[in-house]
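Open the structure in your viewer and keep the selection tool at hand. The tour moves from one selection to the next.

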Amino acid sequence: MNRILIVEDDRDIACNLLLLLKKEGFTAVAAGTREEGLERIRREPFDLVLLDLMLPDGNGYSVCTAMKREADIPVIFLTAMGDEESVVTGFELGADDYIAKPFRPLELISRVKNVLRRSGRSRSVLRAGDLLVDTVKGTVTRDGQEIILSALEYRLLLVFLNQQGEVLTRNRLLEEIWDIAGDYVNDNTLTVYIKRLRDKIEKDPAHPEIIETVRGRGYRVG
């Protein structure tokens, strides 16, 4: 799962971006200042940064320069300053794209995916045994046969495949998928969806080999 850092001091915008990116299958965290954003980059790996131009402790241009120097990470400016001079300055400093506020959610997601693809950081095919997920086409296949999943089942499968080898607690899974269909997902509903997903992707759902139960802790793939 691609990790995205949002450097944005407007909490409402940051919150909306976190929800949007999570809904589209990304892992995202937010920082509210220049220094917090740079500290995050130094401590954690990220595949892309959505960067506001005007921050309380400095401008985004200097952040972009520092991030490119320290991590060589793709940067998309997300700002209300859409004049030609600001855009040109951003690109000259190494920005990979520039989106003016207010932005359209689907356009933003499309641009994020394009930058990830161009930078070679987009993982388009995920595998677990003979199960293949093409995240560009949105297809799931096993032995060449397509498996049809609901939106929430697909999202749940992506969470598992992007965290292979990691034990995922039920609370963690609930946090990841609760808003994908715009409906509240409770613990009982999660149990139902995991069963449905196993029924579709496992050769023997009674003895799952892809989504394993780790007794007393949660679930794990691989």
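Start with a term: a crossing of two helices is right-handed if the near helix is turned clockwise from the far one by less than a right angle, and left-handed if anticlockwise. Keep in mind that this is a predicted model.

**Stop 1: two crossing helices**

Select helix H1, residues 11-23, and helix H5, residues 105-118. Their axes come within 11 Å and cross at roughly 65 degrees. The crossing of H1 and H5 is right-handed. Now show side chains. H1 brings Leu17, Leu20 and Leu21 to the contact, and H5 brings Pro105, Leu108 and Ile109. Sorted by class, the contact of H1 with H5 has six nonpolar residues, no polar and no charged ones.

**Stop 2: the sheet**

Switch to a cartoon view. Look for an open sheet of five strands, in the order S2-S1-S3-S6-S7, with parallel pairing. Strands S2 (27-31) and S7 (97-100) are at the edges; each has a single partner strand, so one side of each lacks a neighbour in the sheet. From one strand to the next, the twist averages 20 degrees.

Zoom in on S3, residues 48-51, and S6, residues 75-79. These two strands run parallel and are joined by three bridges. Select Val49 and find Val75 of S6 opposite.

**Stop 3: the buried side of H2**

Which residues of helix H2 (residues 34-43) are buried? Select Arg34, Gly37, Leu38 and Ile41. They lie on the same side of H2, because they cover an arc of only 95 degrees around the axis. What lies over the buried residues of H2? The cover includes strands S1, S2, S3, S4 (54-55) and S5 (58-59), along with helix H3.

**Stop 4: Thr33**

Step back to Thr33, in the loop between S2 and H2. Why does Thr33 count as partly exposed? Its relative accessibility is 25%, and the partly exposed class lies between the buried limit of under 20% and the exposed limit of over 50%. Show what surrounds Thr33. Apart from neighbours within four places in sequence, Thr33 is in contact with Val7, Leu55, Pro56 and Asp57.

Finish with a distance. Pick the C-alpha atoms of Thr33 and Ser86: they are 20 Å apart in space, and the two residues are 53 residues apart in sequence.

Note on methods
Residues numbered from 1 in each chain as written. Predicted model: local features only at pLDDT ≥ 70, side-chain atom pairs only at ≥ 80, totals over all residues. Heavy atoms only, no water. Pairing = 2+ DSSP bridges. Helix = DSSP H or I, 4+ residues; strand = E, 2+ residues; numbered from the N terminus. Axes fitted to C-alpha atoms, helices over the stretch in contact; angles between N-to-C directions. Buried < 20%, exposed > 50% of the residue type's maximum accessible area, 1.4 Å probe, protein only. Arc of directions from axis to C-beta. Contact = heavy atoms within 4.5 Å. Nonpolar A, V, L, I, M, F, W, Y, C, P; charged D, E, K, R; others polar.
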